Amino acid sequence: MGAVPSTPRRGVPPRDTAENLIGAFVGESPYPLSSEFWQQLLELPLTHGWPQHRVLQACQNLAQNNYQTRHLAKILIHLVWCLQDSMSISAGSPAVYRKAVNAAYISSVFLKFMIENAKSDKFEELCLDLAKDEKGKHDLPIEQSVEAFVMRGMLSFIGASDVSPQSCLLHHELLNLMLVAMSTQLCSGPSPGPKDVHPCIDAAMLQDSAVVASVVRRLLLNFINRPRIPFNGSSYPIISEGSQPGVLQRVGSAAANFVLLPYYTFNYLVSSGGEGSRSSLADNSLLVLLILIHYRKCVAVDESIAKNDVEHADSGTYSKGNSFFYDNPYCKALENARDIEFDRVDIEGNAQNGPLVRLPFASLFDTLGMCLADESSVLLLYSLVHGNPDFLEYVLVRTDLDTLLMPILEMLYNASRRTSNQIYMLLIILLILSQDSSFNASIHKLMLPSVSWYQERLLHNTSLGSLMVVILIRTVKYNLSKLRDIYLHTNCLAILANMAPHVHRLSAYASQRLVSLFDMLARKYTKLAELKNDKVQKFAIDQVDGGSIAEDTSTELQIYTDFLRIVLEILNAILTYALPRNPEVVYAILHRQEVFQPFKDHPRFNELLENIYTVLDFFNSRMDMQRMDGEWSVDKVLQLIIINCRSWHGDGMKMFNQLRFTYEQENHPEEFFIPYVWRLVLSCGFTFNYGAINLFHVDLPGDDSLAEELNV
């Protein structure tokens, strides 16, 4: 697959033409932008299968010769010209679309190889520049970099062009190329620094607000509408039909196509027999959007450097600690998105600079509810409810909150099958929602006839709020036995605390679970207290340096002290503000009142237990006054509680300030979200040389053949 010094002749057999054209593309001889060669290359039906070693050889040849030929930059420029032609021709020309698809496809393969194997932190091997005289010949902006020209061209097409059966494949390939172009992030460390260079995504951040808004809108509409790529073969001869090889041949075929194995962006491709609601275009649109909105460009980290840089920076920068970052225009566009059905005036007088993204919130809400089993959709929901106050308000006023909450609760129920990051995102979403009192009230009014996925017992006619309490407590118990993550514990208890004053007719099962939560944490606390005492005594007797061990135990004991206090405050809030509406909670406390006894005189808990014992004394005395024939039954006790709840006035109850927890992002959210987003991209089928990944730690697969493929 060596170099070819001249443009291949017409009339030669198709396979020889393909060999010659690709050989010329990766060869030593440079072809100017105006050469007929580029048209022949992009019009080539890429239907000939080449084995893996030849694909690798082609990539290596281009990487070696690109310094001289600049062919990678040139094919990307031709891609933009094809995109411009497709937008200028009414209804789009199949021939132009095909050339653009080929350009995007070929570019993605070679660009990905060069990124994975780059030796320079600044990716100088890409050679994304041309001489000024060659730029001038073709009316290219002389002062504009090639990557800026290319990213503007791709983003302008994505934002301005509707997805139709004719353009669907082109949109798909452009999104694949976007993922490849932005994958330079995988090669950098987890903390963005001012020396990090990401040519393509940095160029994307510099686009004007109209392009940014159109891109965010299009990517979200793709996610909502979930278009499918038509596989009729009439528009694009490069699509494989049946057993015939084609550009979209699945990875792993015996005769791999030129642009496959192992460098194609994804190791899965759509097929006519795909899953019901799956859409690779929707999936890729979401991944590209998540990468764009969570990217952060660091200006400086050192205070002295930061001072000099920021003095000359515009208002589009912000600081986090000693780090300064440029504002992310895609994040701002998402945060300012508005409902297309509700065009209200900003009564608070907040200025909205530039075009707004307008979306059908109803369709977005429904699509999220349908797709929340996908971790990427969970991150999008988090990004919306955390960053966009209009969408959060829309969610809170919906009467069918179960559309979102039931998938979330089911995923928490199956926490063992989920990643820890996904559990965090789900809990943070619930925490954000629970900050609103109307949400906490409405979830107890929405009744569920049944909950098919809950296996421990049958749940009939339970409220959404009761189910939420049950699942949160179950998550705490799972975490205590498996993950032992303090942050997860805290989030679960914070949500329950926000819900507590608004609890209404909590079910018997949820009430029992709430008291059992106190019992479980109390037993853990007691064991830790005994362990601490034993270690202190052993240290005193043996004079062995066990100070650090005792200190660790003391720290954990303090954590569980705080947890117990939160649970007691939750019970206090229910009994203080909602006792008449929650007879089942009173019954559960009466039934398990012995679990509170060991802490009645404890200096850290006695104040919070006073209200609980006031309630216990009141209802115990009512039971003592009631003469019964025979023993007390559950129904009789509950009936007595219901009757006496009517005469309950809260006499003797101490009023505590309501616990109210709010969510705030960490000081450097990019250190979590950038690696998290790229882990999602890899989990969705994006293949990358594991040995080149520095963004997070990757364990190389144990399988030798797979490891060999990942390290070629």
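Is serine 183 buried or exposed? With 0% relative accessibility, serine 183 counts as buried (under 20% relative accessible area; exposed is over 50%, partly exposed in between, using a 1.4 Å probe and protein chains only). A quick note before the views: this is a predicted model, where local features need pLDDT of at least 70, side-chain atom pairs count only at pLDDT 80 or more, and totals for chains, interfaces and linings use all residues. Residues are numbered from 1 along each chain as its sequence is written, and side-chain values use heavy atoms, with hydrogens and water left out.

**View 1. Serine 183 sits in the loop between helix 8 (168-182) and helix 9 (199-204).** Helices here are DSSP runs of H or I with at least four residues, numbered from the N terminus. A polar atom of the serine 183 side chain lies 2.6 Å from the backbone oxygen of valine 180. Beyond its neighbours within four places in sequence, serine 183 touches Ile115, Trp678, Phe686 and Phe688 (contact means heavy atoms within 4.5 Å).

**View 2. Phenylalanine 618 belongs to helix 25 (residues 606-625).** Phenylalanine 618 is buried, at a relative accessible area of 15%. Setting aside neighbours within four places in sequence, phenylalanine 618 is in contact with Asn644, Ser647 and Trp648. Aspartate 651 is 33 residues away from phenylalanine 618 in sequence, and their C-alpha atoms are 9.7 Å apart.

**View 3. Helix 25 meets helix 26 (residues 634-645).** On the helix 25 side you'll find Phe618, Phe619, Arg622 and Met623, and they meet Val637, Leu640, Ile641, Asn644 and Cys645 in helix 26. That contact divides into 7 nonpolar, 1 polar and 1 charged residues (Ala, Val, Leu, Ile, Met, Phe, Trp, Tyr, Cys and Pro count as nonpolar, Asp, Glu, Lys and Arg as charged, and the others, Gly among them, as polar).

How values were computed:
Helices (H or I, at least four residues) and strands (E, at least two) are DSSP runs, numbered from the N terminus. A polar contact is a pair of N or O atoms within 3.5 Å; within protein, one must be able to donate a hydrogen and the other to accept it, and residues adjacent in sequence count only if both atoms are side-chain atoms. Axes are lines fitted to C-alpha atoms, for helices over the stretch in contact, and angles run from 0 to 180 degrees between N-to-C directions.
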